[in-house]
Amino acid sequence: MSATVDQAGGRGLAERLGIQPGMVVQELGYDEDCDEELRAAIVERSGTELVDEDADDVVEVVLFWWRDGDGDLVDALVDAKTPLADNGVVWLLTPKAGRPGHVAPSDISEAAPTAGLSQTSSISAAGEWAGARLVAPKAGRSRR
């Protein structure tokens with residue numbers, strides 16, 4: 001992996017999330033505190049606008065901004081995976097430790113399996129946001 005991945009366009013951020021050209025990305029939990037550079041990088045990399053919670057499309061990625069106090073995380077994750085393609089990914093983005101709305105990693109690791117998801121990795125997704133990559137367990141996916 002190159003350390004000089006088109007950083008002027010910010011595509012390195014989207015590539016770290018596994019965004020590929022043509023992918024449909026649904027965004028949930030948007031608010032004014034969301035990282036606009038990350039959002040723009042995802043749109044640029046995918047070549048499509050982010051779709052909102054009202055979209056009826058099957059999506060490859062759900063970009064889910066979540067803060068402590070937003071409600072029940074298990075219920076939200078169950079809803080978030082509904083439009084997801086079989087091999088789709090939910091990126092749960094939460095404020096980093098010490099920031100308002102921070103969600104404890106233990107809350108995510110407890111909520112994900114209850115919602116039928118497995119956490120596969122965590123990254124620093126943006127300046128103020130941490131990302132947890134959540135997928136449906138392989139045993140629950142249909143593969144051929």
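Let's start with leucine 63, which is buried at a relative accessible area of 1%; buried here means under 20%, with exposed over 50% and partly exposed in between, using a 1.4 Å probe and protein chains only. A quick word on the source: this is a predicted model, where local features need pLDDT of at least 70 and side-chain atom pairs count only at pLDDT 80 or more, while totals for chains, interfaces and linings use all residues. Residues are numbered from 1 along each chain as its sequence is written, and side-chain values use heavy atoms, with hydrogens and water left out.

So what does leucine 63 touch, leaving aside its neighbours within four places in sequence? Its contacts (heavy atoms within 4.5 Å) are Leu17, Val25, Gln26, Glu27, Leu28, Ile42, Trp91 and Leu93. Glutamate 27 sits 36 residues away along the chain, yet the two C-alpha atoms are separated by 4.7 Å.

Leucine 63 belongs to strand S2; strands are DSSP runs of E, at least two residues, and helices runs of H or I, at least four, numbered from the N terminus. S2, residues 59-65, runs parallel to S1, and four bridges join them. In one of these strands, S2, valine 61 is the bridge partner of valine 25.

Zooming out, five strands make an open, mixed sheet ordered S1-S2-S3-S5-S4, where pairing takes at least two DSSP bridges between two strands.
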